[in-house]
Amino acid sequence: MELLTAVILLPLAATVPVFFLPEKARRTLWTYAIVVSGIELLLSLGLLWWFDLGRAADFQFHGQAYWLPGINSSFHVGIDGMSLLLILLTTFLTFLGFLSSTRYIETKRKEYIISMLVMEAAMVGVFSALDALLFFVFWEAMLVPMYFLIGIWGHENKLYAAFKFILYTMAGSVLLLSAIIWLYIQFGTFDLIALTQATRGLPISAQEILFLAMTLAFAIKVPLFPFHTWLPHAHAEAPTAGSVLLAGVLLKMGVYGLLRFSFPMFPEAAKVFAPWLAVLALIGITYGALMTWVQTDLKRLIAYSSVAHLGFIVLGASSLNQWGLQGAMIQMVNHGLSTGGLFFIAGMLYERRHTRDLSAFGGLAKAVPRLSVLFGIIMLSSVGLPGLNGFVGEFLALVGAFKSNVIWAGVGATGIILAAVYLLTMFQKVVFSKLENEENARMKDLSLREMLVLSPLVLFIIWIGVYPQTFLRYTDPVSANIVQLVNPEIPAQVDETRVVSPETREVSHD
Amino acid sequence: MTDLYLVVPELYAAGFALVYLLIGLLIKRWRWLIGILTLAGLAGLFCVSLAYMTVSGIAFGMLVLSPFGRLLDLVFAVAAIISLLIYLDMKDLPYEGGFFLLAGTLGAMLLAKCVDFVMLFLALETLSFSLYALVSLRGTRRDAEAGIKYFVLGAFSSAFLLMGIALLYALTGSFAFSAVASAFAAPGYNIGLLIAALSFIGIGLLFKASAVPFHFWTPDVFEGAAAPVAGYIATASKVAAFGLLLSVFTIAFPTNPDLWWGLLWYASALTMFVGNTAALLEKSVKRMLAYSAIAHAGYLFIPVMIGGPWSTSTIVLYGLVYTLMTGGAFAVIAVVGDERTSINSYKGLAKSRPLTAFLLTLFLLSLAGIPPLAGFIAKFYLFADAFRSGLTSLAIIGLINGVISAYYYLRVVVYMYMMEPEGEPEAPRLRARFWTAIAIALAAAATVYLGFFPGPLVDFIRGLL
């Protein structure tokens, strides 16, 4: 069996034994979950090992199996550089998610482990599907486990948040499915590669309608302003690992959809609508930042900051040049690491104090120095401090925006300043202000397990910040491809990107 | 003689119903023995239908034997197996109910194949009378109320149907479906009267299919009937009605489709919409499933409107998948308790009965059409067909309805998983009995399997049609 298929199916198959394990066997269950997700992580590292970097824009690890007869839909998977990074992010965060859950989840552990594993399979599936219908199946299959994660193990308003999450996404799915079926009827295939070839010949009016239908579904997932209203609820109410996966991976599925479907399939329409997307992204950046500023709930604060950060990603993507696309792709990974990290820390604080209220904390620097240091690094990565990963992505995205439209870049840059304001304010309130509360003083510092969760994140945060080339070279040919598709008349644009290509080995932000 | 050869599966069904009645009388104290007998007999029906799959022809000028009809027989056999197994575990119900179930299955088999209005009426009444009896078999007030309601309204709609048939006979001098088509084609007929006749027939059929606005009986009957009986009405009876609708609309009305087409369009959209919105407000799980059955009837109108081999295979696939998931859901209702239908009784079920709750979740998610379960595959083929045939707006209405339906299906899941059980001091300890457990296991396994590997089945169906 192909390695990629194994990566998709392993978590799914691994759910079966969980049914037969006793709920009481706490240790066995968690050990099992961590081991399975660990093996999954190793398998996905195998993908990295055997990935042919020279052909990073091509789909590799092809797997094809008979699935739906009569309508030319098959189980067809394969990954390029962009998918590879996102799959690694998925398996990595799921593994850490399990590691962080052993103390947090006290009820229905079996259901929790099953939900997480099904989620993992679906997320990996989304990033590797090369059949539009298969993509849709994975896209939808991920809803239910996430719904359970929010609804069962979430905080006070979990039911409302879970319903809002699932109904919003399903509403978007209707448009996505309609567009996919329309494409099938027109071209008689669901194969992504063939479709991407075929759709370019469509008249502009058809392209526009299809682009809008698909992009709306993806925009809800991203979420792009004004479709973001489900996000603060879902993120704030979900349990730690749920929030981490929501912010770290699920939101990326929306951007991935844009970059895999909307832009390459309908390049003409993409050119027409990219400015609109950019404007929405800029509104999202500003609005998200302002909303973040006034939050008093730690998880809601991080959730709103995601709206702002995803704005940068979409801004980069819709600038439709190599810089912006590279920024968007690397920022997807960055946001997964930094916001994932912030949610892990919010979860650890919640486990200690059972509150998410900012005013309940204060003076943690003295009480829990280790946690404070790691918190600081992750927070600064989210701010976009040079030398950490956030800077690389946001810088590239802004350069891309600058090349398309100076005003975009100006507004976007303001967003970075706002990010510094709200995150530093938050950090000051939580970590540096006076240690007044007795409970904070008695707080325990990070345990070994928690160190194990956070330190790999910090490692990658610094790695990408210092030497992003390791990661950028995987997405470079993919973004060059998209630029070629959308703007075939500007080959000069591609040459410029040699700055971030393997040959020159230059760090991009010099 | 050759005609008799064509209808061997029907003869088998009739024979088995009698055998059940007689042998059951001798062994009715040993329910497990009846269970084995039933399972063997219905498995036999399944095999006979399978063996006669490709035997085509017209029997007695009244029944068209074709792979389509035989495939629907398989669906009826599955529905009967699921319902009868659950039924046998309900100790307060007499075993004779099984006979009515089998007789109803015979009616359904004939109904899906008839091309003659006399046969249509006979088959429909065979099915309906079995169901009237089944609904009120327990003899409690609630059962009787449901039974009477069903019977009165059913008889009312049969009267419409008969009136229509009589008018048609007066006009054409024939009972054959094809006579209607030629009546339209030939000049000199009284078109107004013809349309009146067909409207009467249409009302009768829409009642059986529980299409809006003739759906009001469904929730009341479902609530009163025992879970397996409600499940049977929701599945076999409905699929048979759509098999019949397809042959009526393709054989009797082919020359003048526009008129019926517009009518069906509105029936479909209304039925989906009313079914789904009414289900949103329901607090009783059984009534909710009744409205869900109405909504699914709305989806099934789409292939009837399209016609042709693609949509016949869609009806078979959708009918089978729908039967599995709805039958499974009713089996779980039987486990939770026929009387405890309020959604509050499902609170915290995941804690007390984790496996039961999980399986009900599976059926509900499949009904909501969430991949990778069978319900998604069936819905996908149906709506892809609609898009292909240019019914774009109807398909989009259907897909939006799918989202609405997710809300009420998931609400049950919320009650089971995300709420604590209410302190019901008299709440019985739940136990899935043996045959019910088998029915649930069969349905669940098929729902999951067909979701992941729909290929072989779809190939099989497509290969025959």
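A residue is called buried when its relative accessible area is under 20%, exposed when that area is over 50%, and partly exposed in between (1.4 Å probe, protein chains only). The model is a predicted one, where local features need pLDDT of at least 70 and side-chain atom pairs count only at pLDDT 80 or more, while totals for chains, interfaces and linings use all residues. Residues are numbered from 1 along each chain as its sequence is written, chains are lettered from A and ligands numbered from 1 in the order in which they are written, and side-chain values use heavy atoms, with hydrogens and water left out.

Back to A:Glu450: its side chain meets that of A:Arg352 in a salt bridge, 2.8 Å from N to O. (A salt bridge here is a side-chain nitrogen of Lys or Arg within 4 Å of a carboxyl oxygen of Asp or Glu.) A:Arg352 sits in helix H14 (residues 322-353) of chain A and A:Glu450 in helix H20 (residues 448-466) of chain A, so the pair ties together parts that are 98 residues apart in sequence. Helices (H or I, at least four residues) and strands (E, at least two) are DSSP runs, numbered from the N terminus. Over all chains, the rule counts 22 salt bridges.

B:Arg138 forms a salt bridge with B:Asp92, and their closest N and O atoms are 2.8 Å apart. B:Arg138 lies in the loop between helix H6 (117-135) and helix H7 (141-172) of chain B, and B:Asp92 in the loop between H4 and H5 of chain B, 46 residues apart. B:Arg138 counts as buried at 17% relative accessibility, whereas B:Asp92 is partly exposed at 46%. B:Arg138 also meets B:Asp143 in a salt bridge (3.5 Å, N to O), and both of these residues are buried. Elsewhere, a network of salt bridges links B:Glu145, B:Lys149, B:Asp220, B:Glu223, B:Glu282 and B:Arg287.

Next comes the place where the two chains touch. Counting contact as heavy atoms within 4.5 Å, 37 residues of chain B are in contact with 34 residues of chain A. Buried area is the accessible area (1.4 Å probe) that two parts lose on being put together, summed over both; for chain B and chain A this comes to about 3100 Å², 83% of it on carbon and sulfur atoms. In chain B, the residues that lose the most area to chain A are B:Phe380, B:Tyr417 and B:Met418, together 20% of what that side buries. Across this interface the rule finds 0 salt bridges. H18(B) gives the most to the side of chain B that touches chain A, with 12 residues.

Finally, helix H3 (residues 31-51) of chain B has 21 residues and reaches 30 Å from its first C-alpha to its last, close to the expected 30 Å. That expected span is 1.5 Å times one less than the number of residues. Among the buried residues of H3(B) are B:Ile34, B:Thr38, B:Leu42, B:Leu45 and B:Val48. An α-helix has 3.6 residues a turn, so residues three or four places apart point the same way. What do the buried residues of H3(B) pack against? They pack against helix H2 (8-27), helix H4 (67-88), helix H5 (97-111) and H19 of chain B.
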